[in-house]
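Please open the structure in your viewer and keep the sequence panel beside it.

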Amino acid sequence: MSKWPGRSKGRLTTFGRLKRSELMARIRSQSNASTELRMASLLRQVSMSGWRRHLPLAGHPDFAWPKQRVALFVDGCFWHGHYCGRNMTPRSNARLWREKILRNRRRDRRVARGLRAEGWAVMRIWECALGDRPTACLGRLRRVLSYSSSR
């Protein structure tokens, strides 16, 4: 595993003069407003039921429907390397960030394979799709759930 060069921990960023470590500490892996909380709000709006958050499954899916064995991951475009044009390419330490995102993508594929091998249907929704086309995301989710219920 590569090490981050220099003493980036104490360096100031362009985000409100925060130190890099302070900035990175603000990024949540759970209860992220643009992904997970947005999806939970949509599910409640359309009265979808049966879902649980943070079941102790491989990869820690954001949402799961245990009866239908459906796991839903709502992925941030930057952290999971979506090529939608919204993800910013870092200028400093670009090589290290590319490697980090590549490792995230590999882990995502490995986790999905493992869950499928255990009989789970795995679905991923991108942050940009959730923001731009929430109705389409819910429609896709309904199709996966109905297919999983019928098997």
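Which two strands form a hairpin, and which residue in the turn has a positive phi? The hairpin is formed by strand 2 and strand 3 with four residues between them, and Arg69 in the turn has a positive phi of about 55 degrees.

Before continuing, note the conventions. This is a predicted model, in which local features need pLDDT of at least 70 and side-chain atom pairs count only at pLDDT 80 or more, whereas totals for chains, interfaces and linings use all residues. Residues are numbered from 1 along each chain as its sequence is written, and side-chain values use heavy atoms, with hydrogens and water left out.

**Whole chain.** Display the protein chain as a cartoon. It has five helices and four strands (DSSP runs numbered from the N terminus: helices are H or I with at least four residues, strands are E with at least two). From the N terminus on, the elements follow the order α-α-β-β-β-α-β-α-α. Of the 151 residues, 35% are buried (under 20% relative accessible area; exposed is over 50% and partly exposed lies in between, with a 1.4 Å probe and protein chains only).

Select the four strands, which form an open sheet in the order 1-2-3-4 with mixed pairing (two strands pair if DSSP finds at least two bridges between them). The edge strands, each pairing on one side only, are strand 1 (52-53) and strand 4 (121-126). Strands of a sheet pair through backbone hydrogen bonds, either parallel or antiparallel.

**Strand 3.** Select residues 70-75, which make up strand 3. Three bridges join strand 2 to strand 3, and these two run antiparallel; Leu72 is the bridge partner of Phe63. Towards strand 4 there are six bridges, and that pair runs parallel. Across this pair, Leu72 stands opposite Met123, Phe73 opposite Arg124 and Val74 opposite Ile125.

Now colour strand 3 by burial. Six of its six residues are buried, so strand 3 is largely enclosed by the rest of the structure. Val70, Leu72 and Val74 are buried on one side, and Ala71, Phe73 and Asp75 on the other. Strand 4 is mostly covered, with five of its six residues buried.

**Helix 2.** Select residues 36-45. This helix lies across strand 1, strand 2 (63-65), strand 3 and strand 4, and runs at about 40 degrees to strand 2 (axes are lines fitted to C-alpha atoms, for helices over the stretch in contact, and angles run from 0 to 180 degrees between N-to-C directions).

**Helix 5.** Finish with residues 134-150. Helix 5 lies across strand 2, strand 3 and strand 4, running at about 180 degrees to strand 4. Its buried residues are Pro134, Cys137, Leu138, Gly139, Leu141, Leu145 and Ser148. They pack against helix 2, strand 2, strand 3, strand 4 and helix 4 (127-132) (contact means heavy atoms within 4.5 Å).

How far apart are the end C-alpha atoms of helix 5? They are 25 Å apart, which agrees with the 24 Å that its 17 residues should span at 1.5 Å a residue (the expected span is 1.5 Å times one less than the number of residues).
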